[in-house]
Protein chains: 2
Amino acid sequence: MQKIRLFTPGPTMVSPESMLAMAQPLDHHRTAGFRDDLKQCVELLQYVYQTGTTPYVITGSGTAAMEAAMLGCCKPDAKTLVCHAGKFAERWRDILVRFKLPHVEFEKEYGLGFKADEVAAKLKEHGDIKAVIFVHSETSTAAVSDAQGIAKVCRDNGALCLVDGITSIGAIPFKMDEWGIDVGVTGSQKAMMLPPGLGIVALSDRAWEAIDSHQAPTYYNDLKAYRKSMEKFDTPYTPNNQMVTGLKFTLNQIKTFGIENVWAKTAKLAKATRAAVEALGLKVFAKDPVDSVTAVEVPAGVDGPKWRKEMRAMYGIHCAGGQGHIKDTIIRLNHMGYVDEVDTVGAIAAMEWTLAAQGYKFEPGAGSGAFGRVIQGA
Amino acid sequence: MQKIRLFTPGPTMVSPESMLAMAQPLDHHRTAGFRDDLKQCVELLQYVYQTGTTPYVITGSGTAAMEAAMLGCCKPDAKTLVCHAGKFAERWRDILVRFKLPHVEFEKEYGLGFKADEVAAKLKEHGDIKAVIFVHSETSTAAVSDAQGIAKVCRDNGALCLVDGITSIGAIPFKMDEWGIDVGVTGSQKAMMLPPGLGIVALSDRAWEAIDSHQAPTYYNDLKAYRKSMEKFDTPYTPNNQMVTGLKFTLNQIKTFGIENVWAKTAKLAKATRAAVEALGLKVFAKDPVDSVTAVEVPAGVDGPKWRKEMRAMYGIHCAGGQGHIKDTIIRLNHMGYVDEVDTVGAIAAMEWTLAAQGYKFEPGAGSGAFGRVIQGA
């Protein structure tokens, strides 16, 4: 009988409608029906990405899609700048290390985002950088980087701009073409409101130039194979066509709602959550907070893992903890996708009740009250 | 209103019960519930693989799982024998080529399987071969290789035995430990009766020795990362947990039915189908036919693509054509998984009706009759 509410920043909540859309009888993937589904997904993803380029759908996680993009764009004879201030950016650094790809690390403290002028300074310092990788919304710290500004700096310096948009694309403003982004990667289980299982990557003409200038050291994640198959709206290896059906369904929901309205909804939930956090005397962890997910510091005297555990056990609110050295010192609440004000005020209330149970002092209802005032536009 | 019956050798038919099992509310993957699901899948896969080793579940297609196994076991300082007589084995050859891994090709005509003595001769000819790759059931030609015999030859010669069991494991006898197989790969959309989206790979201690002796040139498909996470029944990257739920469901069905009964059912459908083919004056394409799928030669005077198209358009029977140079000259009928005698006699009848429409001469009902006699044990 327990109702579980996923407040994790991926998988996010999936609607019963989406689950049932994917429960339809399965057809074969080498059919006109599948090609039409994939074509529609491409067009709808173009809308979500704000791009005229072709987004590719890879059966795998966001990491598979990011590996595909990196092995294509980060060449063994060129240098990549990898900006990291969190677990996911560190993974992209690890991929560069694994493949022995020349790179420069730009490390910042967890909770910080990257700014355009900082990246510009690094590019000036290292004149031979041909690609820049950063995480738009660093899911592990809930911090945002200036994607628009960094993309411009990259373009001005002739470097490719690779963006991990896994928890930004479809959640917060992301304008691939207008901003001049070369690579945008996301996954199915975030703003796309689906289970995990699909990685998505869109690439600019400049990115394709890099990809076409060498052979990437991969087979499964070789984007050239995906491009060739996409000429017929097909895939090089057997795709998860059940999830492509789901993707068509959820992307149509986003299109109907309007991407600007999605961005506004996400921002409002984030703003209201931050207000609630402050009203409870708690602190938002990130110094550059992103709107797709909020990280809250576990206050002194409160046991973080116990707090999260009780929220789920008693009220079905499943928040994420942190990752790495901040594993037990933050909790994270998702604002992406199929989640609304009522869900979120419930999560705030459950946070209050479980904090109270651990003896944390605050005015009961202060969080929910502050949350509601933002929602009501006061 | 049209009923589509998938007779393709992957995706095979998925039951409504399985689809609905996967339509249950999605939970997070970093939970005791998911770890328990994955643990159960591992145990059930051990039963299906007939192994005490640990099968790993990768979010991706069978190609991803095969790439993972190959990059771990086929080392740059060792030679691999790749046996190919069909499209899928050619793909494994292509992976060796892509990664510049030393290899010897053993090519045979499409429709043939590989025998133990032939592989033994090749191993004698090339004394430095450390790994052998072959496809147990070559899906593209519907031919079977002698997995048990080849595995013994490999073991006797100190070479690792890598088996593409994508359309054999869970369909026809496959005894990983008893036969001494080092690597067995399969995918979710075949005998596992699920949509595409998961690749599965099990590895012997000998395989792990090879993997541990070097760093495979991959990140997403690095098996060491999977092994480390599996210590806690976890995965290194976000898994498709919706499909793991489905896998637990279908593997339990297989366990309940009994793997030997599954093998017997598959074999009987294949035998009956081959009898029907013969009774209609048609020919089975493979000289070494496998039981998991039957390839039928398109007879003279019949247009293959039109034949398949009409079977689907008029009767909802979706057969596969061929691949490569036999694309239009064979059709393939699946016998794996959630398909039974009644489904298959319907496919045979639809074959008859659509052949008749193209003017092919035969005794009406001869196919269904011969099929039924085998089913009834006559």
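Author: Two residues are in contact if their C-beta atoms, placed from the backbone, lie within 7 Å. The model discussed here is predicted.

Reader: With that cut-off, how many residues does each chain bring to the contact?

Author: Chain A gives 40 residues and chain B gives 39 residues. On the side of chain A that touches chain B, α1 (16-22), α3 (62-73), α4 (87-98) and α10 (241-257) of chain A each supply at least two residues. By type, the residues on that side of chain A divide into 21 nonpolar, 16 polar and 3 charged.

Reader: Through which surface do the copies meet?

Author: Of the interface residues of chain A, 98% are also interface residues in chain B, so the copies meet through the same surface.

Reader: What rotation and shift superpose chain A on chain B?

Author: Chain A is superposed on chain B by a rotation of 180 degrees with 0.0 Å of shift along the axis, at an RMSD of 0.0 Å. This is the relation of a two-fold axis. In chain A, the C-alpha nearest the axis belongs to Gly60(A), at 2.3 Å from it.

Reader: Turn to the helices. What is the general idea?

Author: An α-helix has 3.6 residues a turn, so residues three or four places apart point the same way.

Reader: What span should α3(A) have, and how far apart are its end C-alpha atoms?

Author: At 1.5 Å a residue, the 12 residues of α3(A) should span 16 Å, and the end C-alpha atoms are 16 Å apart, which agrees.

Reader: How many residues of α3(A) are buried?

Author: The test for burial is that 20 or more other C-beta atoms lie within 10 Å of the residue's own. In α3(A), 12 of 12 residues are buried, and the helix is mostly covered. The buried residues include Met66(A), Glu67(A), Met70(A) and Cys73(A).

Reader: Now the sheets. How are strands held to one another in general?

Author: Strands of a sheet pair through backbone hydrogen bonds, either parallel or antiparallel.

Reader: In what order do the strands of the chain A sheet stand?

Author: The open sheet has 7 strands in the order β2-β10-β9-β8-β5-β3-β4 (chain A), and the pairing is mixed. At the edges stand β2 (55-59) and β4 (103-107) of chain A, each with a single partner strand, so one side of each is left without a neighbour in the sheet. From one strand to the next the twist averages 20 degrees.

Reader: Which strand does β2(A) pair with, and in what sense?

Author: β2(A) pairs with β10(A) in the antiparallel sense, over 5 bridges. Within that pairing, Thr59(A) stands opposite Leu198(A) in β10(A).

Reader: Are the faces of β2(A) covered or open?

Author: Both faces are covered: on one side Pro55(A), Val57(A) and Thr59(A) are buried, and on the other Tyr56(A) and Ile58(A) are buried. The count for β2(A) is 5 of 5 residues buried.

Reader: How many bridges join β9(A) to β10(A)?

Author: Strand β9 (residues 183-187) of chain A is joined to strand β10 (residues 198-203) of chain A by 5 bridges, and the two run antiparallel. Here Val183(A) stands opposite Leu203(A) in β10(A). Helix α8 (residues 205-212) of chain A packs on the sheet, where it touches β8, β9 and β10 of chain A, and its direction makes about 100 degrees with that of β8(A).

Reader: Which strands does α4(A) lie across?

Author: α4(A) lies across β3 (79-84), β4, β5 (129-135) and β8 (160-164) of chain A, and runs at about 155 degrees to β3(A).

Reader: In chain B, which helix touches β2, β9 and β10?

Author: Start with the pairing: β2(B) and strand β10 (residues 198-203) of chain B pair in the antiparallel sense over 5 bridges. The bridge partner of Pro55(B) in β10(B) is Ala202(B). Helix α2 (residues 32-49) of chain B packs on the sheet and touches β2, β9 (183-187) and β10 of chain B, its direction making about 120 degrees with that of β2(B).

Technical notes: Residues are numbered from 1 along each chain as its sequence is written. Chains are lettered from A and ligands numbered from 1 in the order in which they are written. This is a predicted model: local features need pLDDT of at least 70, side-chain atom pairs count only at pLDDT 80 or more; totals for chains, interfaces and linings use all residues. Helices (H or I, at least four residues) and strands (E, at least two) are DSSP runs, numbered from the N terminus. Ala, Val, Leu, Ile, Met, Phe, Trp, Tyr, Cys and Pro count as nonpolar, Asp, Glu, Lys and Arg as charged, and the others, Gly among them, as polar. The expected span of a helix is 1.5 Å times one less than its number of residues. Two strands pair if DSSP finds at least two bridges between them. Axes are lines fitted to C-alpha atoms, for helices over the stretch in contact, and angles run from 0 to 180 degrees between N-to-C directions. Copies are superposed by least squares on the C-alpha atoms of residues with pLDDT of at least 70 in both.
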